[in-house]
Amino acid sequence: MDTSTSATNSTSLQISHFILTGLPGIHEWQHWLSLPLALLYLLTLCANILIMVTIQREPMLHEPMYHFLGVLAVVDIGLATTIMPKILAIFWFDANAISLPECFAQIYAIHSFFCMESGIFLCMAVDRYIAICHPLQYPSIVTEAFVLKATGFMMLRNGLLTIPVPVLAAQRNYCSRNEIDHCLCSNLGVISLACDDITVNKFYQLMLAWILVGSDMVLVFSSYALILHSVLRLNSAEATSKALNTCSSHLILILFFYTGIIVLSVTHLAKKKMPLIPILLNVLHNVIPPALNPMVYAFRTHELRLGFQRLLALGEKLAN
């Protein structure tokens, strides 16, 4: 009889939704941040769509490096769109409530797109490594089929290995607190509200970070170490400059992306003392790179700038 009553009480305490409280410590004026965030989101959409259209329309950009850049643009739009509409709804309309299924879906999308971005950076690093260190074999190795297989592998890898994150979170028992001190459904923030043991959740989150993002980071920087070693052995200063210039934009974005991850990891350890900093950095790290990626490539890639100019010229002709 007591067991039945206990089970009934436990079921009745199950919560039906979470409350995203926003940025801790600045709830009163956090809506002022909505304008720069909205502009960043708009820039992300416009810049990445422009990249995709330009690559699709320009025959000279139908090369593996630009195909990977097009995939990166799709991933950037997906990552930003996963979080920004809800964040803006919280800041503008106080729409703090989020259902459990919606929250778990957001957890999956964030992890999947984030790991996909890391995977595409790895594909682009391998592409540059083969192009610079093995230029004669490049046309036969990095073909259209190679790009499709590499992209498909990354989609399967990240799509499948991130499924357990929201599944494990959904299996936890949420029976009392439902307020998350965040603007989005962070996996660690959500499972911290669970009434039962979350050791498995934390272990899988850590394992996922090391296996996917950690291994990508090691391979990316290993590729660039080999590239640098190969380039410095060139006798011609002009050839050295050209080789470094072809991968400089990619290296800038990689350094920004992985440095952001390291900074986030370090600040997360000090979350109790400064709760606002890691949460704000988490939001910015999901918004700034998607807006920055196309801009860096646009400024530093001559062929892409030519493509933009032709596209804008075509737009002006159609407008007239």
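Started with Cys 195: I find it partly exposed, at a relative accessible area of 37% (buried is under 20%, exposed over 50%, partly exposed in between; 1.4 Å probe, protein chains only). This is a predicted model, so I took local features only at pLDDT of at least 70 and side-chain atom pairs at pLDDT 80 or more, while totals for chains, interfaces and linings use all residues. Residues are numbered from 1 along each chain as its sequence is written, and side-chain values use heavy atoms, without hydrogens and water.

Next, its partner. Cys 195 forms a disulfide with Cys 175, sulfur atoms 2.0 Å apart (a disulfide here is a pair of cysteine sulfur atoms within 2.5 Å). Cys 175 sits in the loop between helix 7 (164-170) and strand 3, and Cys 195 in the loop between helix 8 and helix 9 (199-232), so the pair ties together parts 20 residues apart in sequence (helices are DSSP runs of H or I, at least four residues; strands are E, at least two; numbered from the N terminus). Cys 175 counts as buried, at 16% relative accessibility.

Then I looked up the other disulfide, Cys 103 with Cys 185. I get about -125 degrees for its S-S torsion, so it is left-handed. Cys 103 is in helix 4 (residues 100-133) and Cys 185 in the loop between strand 3 (179-180) and helix 8 (187-191), 82 residues apart. Both cysteines, Cys 103 and Cys 185, are buried. In sequence order the bonded cysteines pair 1-3, 2-4.

Last, Cys 115: its sulfur is 13 Å from the closest cysteine sulfur, in Cys 123, too far for a bond. Cys 115 is buried, at 4% relative accessibility.
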